[in-house]
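Look over the sequence and the structure below. The briefing that follows goes from the whole chain to a few single residues.

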Amino acid sequence: MNLSDKEISEKFGLHKNEELNTFTENPGIEIECANNSKIVSVMDGIVMHVGYIGGYGNVIMIDHGDEYSTVYGNVGEIFVYEDDYVGPGKVIGKIYSTNGLKSYLHFEVWHNGKTQNPEVWLNKKWFIRILR
């Protein structure tokens, strides 16, 4: 499935709260999806971390080599373990169900220790599918 602007509920980068005149930075994007959607790896790699991180919920981090990694947050069910090899398109988890409310996947791309805009990478060479 291709991403469209309406499926990305929060974009990458700095966001200003006009009411409070404050800024927050999103190191990734939030992708709206159906409850219990399956999450797949965008590329092959080795699972380097599985666990809970405050603000992210349950996460899966994958090392894709060449200093690239991805982070998948708000994961309800995790189907992989640390040090597992995953191929592109491998189902790695299921999105957290919110009892009828909108669900989302938090997705980040890192290169050489710096966050990248996932939308640019998805448009250039990576693909993300949320199977419904």
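Among contacts in the chain between residues at least 6 apart in sequence, what percentage join residues at least 24 apart? The figure is 58%. The model is predicted, and the average pLDDT of the chain is 83.

**The chain as a whole**
- The chain contains one helix and 14 strands.
- Of the 132 residues in the chain, 39% are buried.
- The accessible surface amounts to about 7,600 Å², and carbon and sulfur atoms account for 50% of that surface.

**Confidence**
- A pLDDT of at least 70 is reached by 83% of the residues.
- Residues 1-6 have a pLDDT under 50, and the model gives this stretch 13 contacts beyond four places in sequence.
- Residues 124-132 also have a pLDDT below 50, with 35 contacts in the model beyond near neighbours in sequence.
- Where pLDDT is low, predicted coordinates should not be read in detail.
- The contacts counted for residues 1-6 and for residues 124-132 therefore call for that caution.

- Strand S2 covers residues 13-17 and strand S3 covers residues 22-26.
- The two strands run antiparallel and are joined by five bridges.
- Lys16 has Phe23 in S3 as its bridge partner.
- Four residues lie between the strands of this hairpin, and Asn21 has a positive phi near 55° there.

**Positive phi in two other loops**
- Most residues other than glycine have a negative phi.
- Asp66 is not a glycine, yet its phi is positive, at about 50°.
- The place of Asp66 is the loop that links strand S7 (57-65) to strand S8 (68-73).
- Is Asp66 buried or exposed? Asp66 has a relative accessible area of 69%, and it counts as exposed because the cut-off for that class is over 50%.
- Asn112 is another residue other than glycine with a positive phi, in this case near 50°.
- Asn112 sits in the loop between strand S12 (103-111) and strand S13 (114-116).
- The relative accessibility of Asn112 is 46%, so Asn112 is classed as partly exposed.

Definitions and conventions: Residues are numbered from 1 along each chain as its sequence is written. This is a predicted model: local features need pLDDT of at least 70, side-chain atom pairs count only at pLDDT 80 or more; totals for chains, interfaces and linings use all residues. Side-chain values use heavy atoms; hydrogens and water are left out. Buried means under 20% relative accessible area, exposed over 50%, partly exposed in between (1.4 Å probe, protein chains only). pLDDT is the predictor's confidence in each residue, from 0 to 100. Contact means heavy atoms within 4.5 Å. Two strands pair if DSSP finds at least two bridges between them. Accessible areas come from the Shrake-Rupley method with a 1.4 Å probe; for residues, only the protein chains shown count as cover.
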